[in-house]
Amino acid sequence: MKRALFALLLGGMIGVAFAQSTKPPKTKPAAQTQSQNNEGQRLFEENCGRCHHPPDQLSPKITGSVLRHMRVRAMLSKEDEQQILKYLAP
Amino acid sequence: MTTACEPKSIVRHIVTETMWRERNTGPLTGKTVLRYIVAAAVLPFFLALGCMAQDSPLISGAAGFISTTSAGATFMQPILAPLADVPIGDHFLFEARGDLRGFIAQQNGTSGPWEGQFFGTLDYAQLDYLVDRHLTVTVGRFLTPFNIYDERLTAIWIRNLPDVPLIFPIGTRDSGSSNGVMVRGVAAGSDKAELNYTAYYSAGTTVDQLQSGRAAGFRTGVFLPHQQLEVGASYQRYLQDQHMNVGGAYAWWVPTNVPVQVRSEYAHSPQGHGYWIESAFRFSRKDQITSFATRVQPLVRVQQFFRGSVPGGALPGTDVNAADFGVNVYLPQEIRFTSSYSRQFSSSGNYNVWNIGLTYRFMLPLTGGHS
């Protein structure tokens, strides 16, 4: 019974994930293009977004320090750091 | 005979995280306070160095309060987890994180007067030298890079569920931290894939609040940015007391175009082995749904632990299966409401664990800096 419950939960999670991944993105084409052009946002989502969402507010004074921390954690290059900096503190 | 389901036993044994702190750090003492005072005196030195840099040093972290009811026994944990980041020049970063935590419970688990103990730990205090993307050298006290939960999700403002996974003590050992040297970076990479590595050596330390085991290990992983898929493996040779090999593997899938995250880890040691897999759902603003929906995150985690032949410290004493269900609500001003229910099945008895709490994340510049 317990194994069946675990199998059901595991199967459900994986099934939902793959079902979701086959759906097209809900963003409008224009918004999507804008997003694609925003290299900093893409880099943020790909690297920092693996663990957390962007903060609601971020003082421009400390954005550089936050990104230095992220360079160590996410193994970012200096160029990546500059791109994300432009996204977080334009 | 005490069983795992008796409230007193539950309070003492189940909360893995509190267990390490109780066993390995002890309550705050005069010596401990003195160490914090010395640390506070040293910090301005780094801050002064930081002032020479373009970016302002910052104090970040979180304050939180979590109430847990495990098999009918309730205990509460007020938590303060401050973090300091001090960039020095273009290539150095000093960073540190502490954890001050109370453990308030009734004397006999479900009856008697309430009693409280407070514990302080230094999670990390490290100096990083960032050569380039391919190499960063870290010295000091750092989070043990065994699998990736310890490094990435132990912060109370990031982790999805209040309780750490059952297998968490495997590889991260007792304190979750190492004292020594670490190198890390991207060995090879392109826009489509990157191969990263981390290697470390830790000396054995028995000083309160700074405890670590003598060990050496490495971790390597492959990250596919477009698929947002990350897989990797860890190995550690534990060199203190009883020498042993510890291994682990992880797979994370955190796509940006669908509101789902799937994370999983496996770990094996002579003390036991097991795995956890967690799936969380949260819409982002670009999904164009209501603001409230973007703030709610339901999640589920299943995990199994199988006891080994060697006594396992903070690991469960019996085989355990567990299913966790949680809902987090991200409120404005970096406040998060967190709640979870866990059903645990073990040979010593089945029981429920309920968690409810609030966390508040703060982030403050310490000096003027440049904007």
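**Chain A, order of elements.** I started at the N terminus of chain A and read off α-α-α-α-α. That makes five helices and zero strands; helices are DSSP runs of H or I with at least four residues, strands are runs of E with at least two, and both are numbered from the N terminus.

**Ground rules.** I noted that this is a predicted model, where local features need pLDDT of at least 70, side-chain atom pairs count only at pLDDT 80 or more, and totals for chains, interfaces and linings use all residues. Residues are numbered from 1 along each chain as its sequence is written, while chains are lettered from A and ligands numbered from 1 in the order in which they are written.

**Chain A, overall.** I looked up burial: 27% of the 90 residues of chain A count as buried (20 or more other C-beta atoms within 10 Å of the residue's own, with C-beta atoms placed from the backbone). Next came contacts, meaning C-beta atoms, placed from the backbone, within 7 Å. Of those in chain A with a separation of 6 or more, 59% join residues 24 or more positions apart.

**Helix α4(A).** I picked out α4 of chain A, residues 60-74. Its 15 residues reach 21 Å from first C-alpha to last, close to the 21 Å expected (1.5 Å times one less than the number of residues). Eleven of the 15 are buried, so I wrote α4(A) down as mostly covered. Among the buried ones are A:Ile62, A:Val66, A:Leu67 and A:Val72, but also A:Lys61, A:Arg68 and A:Arg71. After the helix comes A:Met75, with a positive phi near 55 degrees.

**Core in chain B.** I then went for the largest nonpolar core and got 23 residues; such a core is a set of buried Ala, Val, Leu, Ile, Met, Phe, Trp, Tyr and Cys residues joined through C-beta atoms within 7 Å. B:Leu166, B:Ile167, B:Ile170, B:Trp276 and B:Phe305 have the most contacts inside it. Strands β10, β12, β13 and β14 of chain B each supply at least two residues of this core, and β10(B) gives the most, four. Apart from this core lies another of 21 residues, including B:Leu130 and B:Met182.

**B:Pro316.** I found this proline in the loop between β13 and β14 of chain B. B:Pro316 counts as buried because 23 other C-beta atoms lie within 10 Å. Leaving out residues up to four places away in sequence, B:Pro316 touches B:Leu166, B:Phe305, B:Arg307 and B:Ser346. I also checked B:Ser284, 32 residues away along the chain: its C-alpha is 37 Å from that of B:Pro316.

How values were computed:
Buried ≥ 20, exposed ≤ 12 C-beta atoms within 10 Å, placed from the backbone. Contact = placed C-beta atoms within 7 Å.
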